[in-house]
Amino acid sequence: MGLDYKTAGVNKAAGYEQVALMKDMVKKTHGPEVLTNLGGFSGVFKPDLMGIKKPVLVSGTDGVGTKLMIAQTLNIHHTIGIDCVAMCVNDILCQGAKPLFFLDYIATGKLVPEKMAAIVEGVVNGCQQAGAALIGGETAEMPGMYSEDEYDLAGFVVGLVDEEKVITGANIKAGDVAIGLASSGVHSNGFSLVRAILNKANINYEDNVSGLDKTVGEILLTPTRIYAKEVATLFEYVEVKGIAHITGGGLEENLPRILSDNLGITIDTQAIPEQAIFKLLQEWGQIDRDEMFGTFNMGVGLVIVVSPTEVETALNSLTSIDSSAFVLGTITDDFAGVHLS
C-alpha cells in the first residue's frame, strides 16, 4: 500500500477536531475590533485610535521555556498558555503599550486535540487577563522533531501606545522610587536550574513538602502573573517613569535595562514578600544568595519607577485593585547597577 500523510505521522483530522474544540473559547477574547474568525489564513484587527495623536505599535514575542517539561510530566496543560501570554504581554507593558492582539504557536510530535485545546484554554485565559484578542495561531504536528508527548509553545503580541507616552526610562533620576509588584512564584524563568536543583535533592514533582500548600509540581506550575490591569490603573493616577519586567537574570539583570549608565538602584530585599518556594530551592540546591537573585525573580514580577512625591498615590491606586505592591528601592547616582541591601 502507498503512504499517506497519516501513516507519515500527521493526522489532519485531529487538526480539524482541535480547531472545532477551540473556536468557541477563542471567540471570548474577541471584540468589535476583530474582523476575522478563527480558521482563516490570517487575523485582521482594526484598532481604536480615538484620542491617540501618534499611534505607535509595540510588539513582543517569547516562549515558556523548560517549564513546559513539568507540565508535560504531570499532564497538566490548561495553565501553561497563561505563561506564554504573560511573558509577551508583560514585556510590552514596559513601554506603556496597551495589548491589542495575540497569536500563539504550538509544535508537537503528535496532535492530541484535547491536549492542544487545554493549552489554548490557558492562552485564552491569559488574553482575557491582558485585555488582548486571540486572533490566530498555528499548531504544527512534527513527528520525528518531537516525541509524541512533547510540545513547545511560543507567542507574539502587538500593543498600541501614543508616541508621546512611550516609556523609556529616560526621565528617571536619583531620588526616584521603585515600587515592586509581587510575582506569583517562579513565573517562567530559571527552570533549567529548578530542574537541576530537584534532581540534586531527589525531590519529585508529586512530593508534598512542609511549607507548601500544594505539591512541588503544582507550585512550580503556578502561572506567571499578568500585570496589564495594574499598569493601566497606575497610568490614570501617576507619571510612570520606567517599568521593568523581572524575568531571567532577576532584579540584577533587568533593572539596569531601564536606567541610564550613571544611575543605580538600592534594593531593600527585606521589603520583598517572602515566598516559600524560593527558600526551599535555595536550601535544596545549596545555592548562594547572589545566584538566587541573579537567576530568579525572588518574589518580584514587575518594578515601576515613580517620583517620590507620587509614591503614596501609586500605592493607594494599586491597593484599590488588591495588588500586592510595596516600596522596593531607591534610585541613586552614587553608583551604577543594582545593590541588594
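1. A polar contact, as the term is used in this note, is a pair of N or O atoms within 3.5 Å, where within protein one atom must be able to donate a hydrogen and the other to accept it. By that rule, nine residue pairs, with both residues at pLDDT 80 or more, are in polar contact across the interface of domain 1 and domain 2; the structure is a predicted model, and the points below should be read with that in mind.

2. As for the overall form, the protein chain contains eleven helices and ten strands, and its C-alpha trace spans about 75 × 55 × 35 Å along the principal axes. The radius of gyration of the protein chain is 21 Å, which agrees with the value near 20 Å that a compact globule of 341 residues would have.

3. The domain assignment divides the protein chain into domain 1, covering 12-162, and domain 2, covering 176-340, and the C-alpha centres of these two domains lie 25 Å apart. Where they meet, 25 residues of domain 1 are in contact with 25 residues of domain 2.

4. The size of an interface is often given as the accessible area lost when the parts come together. Between domain 1 and domain 2 the buried area is about 2100 Å², and carbon and sulfur atoms give 71% of that area. The number of salt bridges between domain 1 and domain 2 is zero.

5. On the side of domain 1 that touches domain 2, at least two residues come from each of helix H2 (67-74), helix H3 (80-93) and helix H4 (113-130). Helix H3 gives the most to this side, with ten residues. Sorted by class, the side of domain 1 that touches domain 2 has 15 nonpolar, seven polar and three charged residues.

6. Although the count of salt bridges between the two domains is zero, a search of the whole structure finds three salt bridges. Lys-67 forms a salt bridge with Asp-83, with the closest N and O atoms 2.8 Å apart. This pair links distant parts of the chain, since Lys-67 lies in helix H2 and Asp-83 lies in helix H3, 16 residues apart.

Notes:
Residues numbered from 1 in each chain as written. Predicted model: local features only at pLDDT ≥ 70, side-chain atom pairs only at ≥ 80, totals over all residues. Heavy atoms only, no water. Domains from an automatic or database assignment. Contact = heavy atoms within 4.5 Å. Buried area = accessible area lost by both parts, 1.4 Å probe. Salt bridge = Lys/Arg side-chain N within 4 Å of Asp/Glu carboxyl O. Polar contact = N/O pair within 3.5 Å; in protein donor to acceptor, adjacent residues only side chain to side chain. Helix = DSSP H or I, 4+ residues; strand = E, 2+ residues; numbered from the N terminus. Nonpolar A, V, L, I, M, F, W, Y, C, P; charged D, E, K, R; others polar. Rg over C-alpha atoms; globule rule 2.2 N^0.38 Å.
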